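Colleague: I am new to this structure and would be grateful for a guided reading. May I put some questions to you as we look at it?

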Amino acid sequence: MAKDRIKKNRWRLLHQYYSYTGFYRFIIDGVKKASLPLILVVVALVYVNYEVIKINDLLKILTEKYDDLTIFSVFFISESILGLLPPDIFIAWTKNTNFPILYLAVLAILSYIGGVISYILGKAMLLIPSIQKYMEEKMAKHIINMRKWGGLLIAAGALLPLPFAIAAMAAGMIRFDFRNFLLFSVLRFLRFVIYGFAIYQMLN
């Protein structure tokens, strides 16, 4: 009974802390900002699908024009450097490959490794004072948020449509515990499962 009370008090304190420091507001605002481009992409895809060319046909052309290694390489570079391209495009591409589930799994693994590379890059920047100073100025907000919310911010970046690579780099820059980073980042795989299911259904 006493243990349950302690746990409840702990969760209540954590909830109060995240509310006070603006974590929930940050997540809501971040999802809103990320959702707008996503909605525009979906609207554009629907328009193209019905007015120009079937999306499945377009993806087949993409598959025929570029080999798998090239597409995987572009995706991996994007996931390792600030998440420049939305993963959803690549998830849609896997639907028209010969091994969609396998390719989706490869994307998830590459995304996870890309996050690890972003973490290592963030940590490596600390070794060069001039680059460290420049990046700390450019990523000041992300670094502050990482110091406040730590693993929860990594988990949110891994699972939600938020810049995971930036969160990973900020984690490296504050020397967040690497083992814990790997643990929280596992949620990246769940994101690909959820989005893969949703996108595959849309493309049926």
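Colleague: Which residues are buried in helix 8?

Modeller: This is a predicted model. Buried here means under 20% relative accessible area. In helix 8, the residues that are buried are Ile143, Asn145, Met146 and Trp149.

Colleague: What arc do these buried residues cover around the axis of helix 8?

Modeller: Ile143, Asn145, Met146 and Trp149 are the buried residues in question. They lie on the same side of helix 8 because the arc they cover around the axis is only 165 degrees.

Colleague: Which residues are exposed on the other side of helix 8?

Modeller: A residue counts as exposed at over 50% relative accessible area. On the other side of helix 8, the exposed residues are Lys141 and Arg147.

Colleague: Which element gives the most residues to the largest nonpolar core?

Modeller: The largest nonpolar core has 27 residues, and Met146 and Ala171 are among those with the most contacts inside it. Elements that give two or more residues to this core include helix 8 (140–149) and helix 10 (164–173). With eight residues, the element that gives the most is helix 10.

Colleague: Which residues does Ala171 touch, not counting residues up to four places away in sequence?

Modeller: Ala171 is one of the residues with the most contacts inside the largest core. Beyond four places away in sequence, Ala171 touches Tyr119, Met146, Ile154, Phe176 and Phe181.

Colleague: Is Val74 buried, partly exposed or exposed?

Modeller: Val74 lies in helix 4 and belongs to a nonpolar patch on the surface. Because its relative accessibility is 38%, Val74 counts as partly exposed.

Definitions and conventions: Residues are numbered from 1 along each chain as its sequence is written. This is a predicted model: local features need pLDDT of at least 70, side-chain atom pairs count only at pLDDT 80 or more; totals for chains, interfaces and linings use all residues. Side-chain values use heavy atoms; hydrogens and water are left out. Patches are made of residues with over 30% relative accessible area and no salt bridge: like charges are joined within 9 Å, nonpolar side chains (Val, Leu, Ile, Met, Phe, Trp, Tyr) within 5 Å. Accessible areas come from the Shrake-Rupley method with a 1.4 Å probe; for residues, only the protein chains shown count as cover. A salt bridge is a side-chain nitrogen of Lys or Arg within 4 Å of a carboxyl oxygen of Asp or Glu. Helices (H or I, at least four residues) and strands (E, at least two) are DSSP runs, numbered from the N terminus. Buried means under 20% relative accessible area, exposed over 50%, partly exposed in between (1.4 Å probe, protein chains only). A nonpolar core is a set of buried Ala, Val, Leu, Ile, Met, Phe, Trp, Tyr and Cys residues joined through side-chain atoms within 4.5 Å. Contact means heavy atoms within 4.5 Å. The arc is that of the directions from the helix axis to the C-beta atoms.
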